[in-house]
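Work through the exercises below with the sequence and the 3D structure open. Try each task before reading its solution.

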Amino acid sequence: MKGSEEKFVFFMKGSDRHFIIPVYQRNYDWRLENCKQLYNDLVKIIKKDLSSHFFGSLVSYNSGSDDEYLIIDGQQRLTTVTLLFLAMYNLINRGVLSYKRPKLEERIQKEFLLDEYNSWKTKIKLNKNDQLAFVKLFSDPSEHIRSSNVTVNYEYFYDRLQQEEISIDDLYEAICRLEFIHIRLERDDNPQLIFESLNSTGLDLSEGDKIRNFVLMGLTKEKQENYYENFWNKIEMNTNYDVSSFIRDYLSVKQQAIPSQKKIYSKFKEFVEQANLQVENLLSEMLAYAKRYRILLEGNTKNKDFDGCVTRLNRLETTVTRPFFLEVLRLLDEKKLTMAQVTEIFLIVENYLFRRTICSISTSSLNKIFLALHRDILRYDGSENDYVEKLKFSLLSKKETARFPDDKEFAREFETRPVYQMNSKNKIYILERLENSGTSEDKDVYRHYDDGTYSIEHIMPQHLTPRWQKELGDDYAKVQEEWLHRIANLTLTAYNSSYSNNSFTEKKTMKNGFDESGIRLNTWIAKKDKWTQAELAERSEYLADKALSIWPSPTTRYKPKEKQFDSYTLEDDVDFRGRSIVKFSFKNTEQPVSTWVEMFQRVVQILYAEDKSIIAKIPFSDQETGLSLHFKANSDGSNKYLEIGDGIYIWTTTNTQSKLSGLKRLFKLYGEDPSDLAFYLRD
């Protein structure tokens, strides 16, 4: 095995050189975003006059013939550059674009696309279906295989080249400056074993590691050391060395979109290049947000109410709130909010989250809710004035799966929910709040629970002895089934093993029993002489009233001057019959529309622009998705169809619910979150 640094075109060119993709390789699967990044990099090479650009690595194996190379690793890059060359060649050949470089058209054809001595033998041979689509690209566009990813990416390059951001001569020059590490396998090397090794071993760099390298590489040694010491190292310490998670939240704030875990680096790179920030300014802002992030991780502000709230939110693992809280803490730093206001905001959010948990409301939409919450607050009048009141109004205005449960719903669910069967973090949170809320003499419930000192006690035990059966009465089985795991029957104790299945009187009067307990939750219990359905119902009502004071619903007199539209998401199970749509929000942009048909068409067009291959396949191979009703490869000349692009049509005469059902299926194919598509409706 030998490796060397080479120009990518030097490896590709040669009229008698051929590249074979082995059958054990995956199909060509680069997405449009990968092609877009490559083209952006090529444009940047010219505009910034870069002498070279690293393009990764490629592993090849000479199969015995001097002119044939098996591509063991790197086929995606090689295939994509070939598609770009083909788009350039076809545009020149068809007279759409012109060039100045001598014999450019001929050089592209002979050196990178076709065998000079066999004009229809392509230099690259892809896997079966990919190769068939590739060959069709040399023909009339009507013969292109539209459902192939090869075709989709080729057409992206074909369209973008015509924008002429740089000339076709400059684009060729940029490709010539791509450099890569070429690893050549020797005759004794086993290509299959090496392929398996390349794809199964090694520890990947974290997204944070990649970002650090991206920010600091290319700087002088002095600047690298300066920026690392004064910025990056401090960012790492403030984020407890989980830089990847921090940057995900930082990007969510800056871009109003949540990057996937695997795309944090690529989205960060895209953000920096679009913002055109100086390294020092970028790192300075990141450090400021990292210091706020540390507050979210640890509290330590010496404000007891605030720090206690942060501790509880972290125990509940409510990381979805962080993009919103980072902006709230920024307003605190800028003296636009006081510490008292920030504490109130955190407590309101805590109440919102807990009420939703008790009422079993889906959490899937929470990340979108908190991503947009700061922006929603500013939208009312364009200012940060009355921030807390506008927050209350915003949360109270939400409906369906985004709603803030009212007192009636919350109290009912709090009394009847089988709390003991909730996950551990939630049930100990409830008991800690019931024990400590409203007093300065609080107990360290979490620490005692974590170290095993405290445990959760069923007052009426899980196994009923004959004495318990007698005390509960003839309906003891029904009483136990109904009340066993509810909050009314639960408390904290440090003597769970001693209590066991003893009768209520024994639990109450024994050494360290309820009568002697120092835990406040047990004071009410100790006042009772028996434990039957009547006491359970009484304690249930008592604890529900207490819960309403611990987790109150906010109230506000704030009302926006401008009329607010009802909003729902694609995830909500709502009947929209008779409702008129005004606008929709998707991918962090709002678009006004006048009909559901218009909304349907635009959303589909947005998805189609992201990845044409998914929708392009539906009219021809729709077996399981149930989407053939909506998509056709021709309009039949009917005005009941609207084109979304490239000869793909949608049928418009389906009812609103059918359109929404189709969008849900389409979102599943694209891996999109239904809660990310919001509708705004007239009354």
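Predicted model: local features only at pLDDT ≥ 70, side-chain atom pairs only at ≥ 80, totals over all residues.

**Exercise 1.** Find how helix 3 and helix 7 are oriented to each other, and which residues make the contact.

Solution. 
- Step 1. Helix 3 spans residues 75–93 and helix 7 spans residues 168–176; their axes come within 12 Å and cross at roughly 160 degrees.
- Step 2. Angles over 145 degrees count as roughly antiparallel, so helix 3 is roughly antiparallel to helix 7.
- Step 3. The crossing of helix 3 past helix 7 is left-handed.
- Step 4. Helix 3 contributes Val81, Leu84, Phe85, Met88 and Ile92 to the contact, and helix 7 contributes Ile168, Leu171, Tyr172 and Ile175.
- Step 5. Sorted by type, the residues of this contact are nine nonpolar, no polar and no charged.

**Exercise 2.** Describe the open sheet of three strands and name the helix that packs on it.

Solution. 
- Step 1. The strand order is 14-16-15, and the pairing is antiparallel.
- Step 2. Strand 14 (631–632) and strand 15 (641–645) are the edge strands, each pairing on one side only.
- Step 3. Strand 15 and strand 16 (residues 648–651) run antiparallel and are joined by four bridges. Glycine 645 stands opposite isoleucine 648 in strand 16.
- Step 4. Helix 28 (residues 596–610) packs on the sheet and touches strand 14, strand 15 and strand 16. The direction of helix 28 makes about 25 degrees with that of strand 15.

**Exercise 3.** Which strands stand at the edges of the open sheet of four strands, and why is one side of each left without a neighbour?

Solution. 
- Step 1. This sheet has the order 11-17-12-13, with antiparallel pairing.
- Step 2. Strand 11 (566–569) and strand 13 (589–592) stand at the edges; each has a single partner strand, so one side of each lacks a neighbour in the sheet.
- Step 3. On average, neighbouring strands of this sheet are turned by 25 degrees against each other, direction ignored.
- Step 4. Strand 12 (residues 581–586) and strand 17 (residues 678–681) run antiparallel, with four bridges between them. Lysine 583 stands opposite tyrosine 680 in strand 17.

**Exercise 4.** Locate lysine 335 and serine 360 and give the phi of each.

Solution. 
- Step 1. Most residues other than glycine have a negative phi.
- Step 2. Lysine 335, which is not a glycine, has a positive phi of about 60 degrees. Lysine 335 lies in the loop between helix 15 (322–333) and helix 16 (339–358).
- Step 3. Lysine 335 counts as exposed because its relative accessibility is 74%, and the cut-off for exposed is over 50%.
- Step 4. Serine 360 has a positive phi near 55 degrees and is in the loop between helix 16 and helix 17 (366–379).

Conventions:
Residues numbered from 1 in each chain as written. Heavy atoms only, no water. Axes fitted to C-alpha atoms, helices over the stretch in contact; angles between N-to-C directions. Helix = DSSP H or I, 4+ residues; strand = E, 2+ residues; numbered from the N terminus. Parallel < 35°, antiparallel > 145°, perpendicular 65-115°, else oblique. Left-handed = near helix turned anticlockwise from the far one by under 90°. Contact = heavy atoms within 4.5 Å. Nonpolar A, V, L, I, M, F, W, Y, C, P; charged D, E, K, R; others polar. Pairing = 2+ DSSP bridges. Buried < 20%, exposed > 50% of the residue type's maximum accessible area, 1.4 Å probe, protein only.
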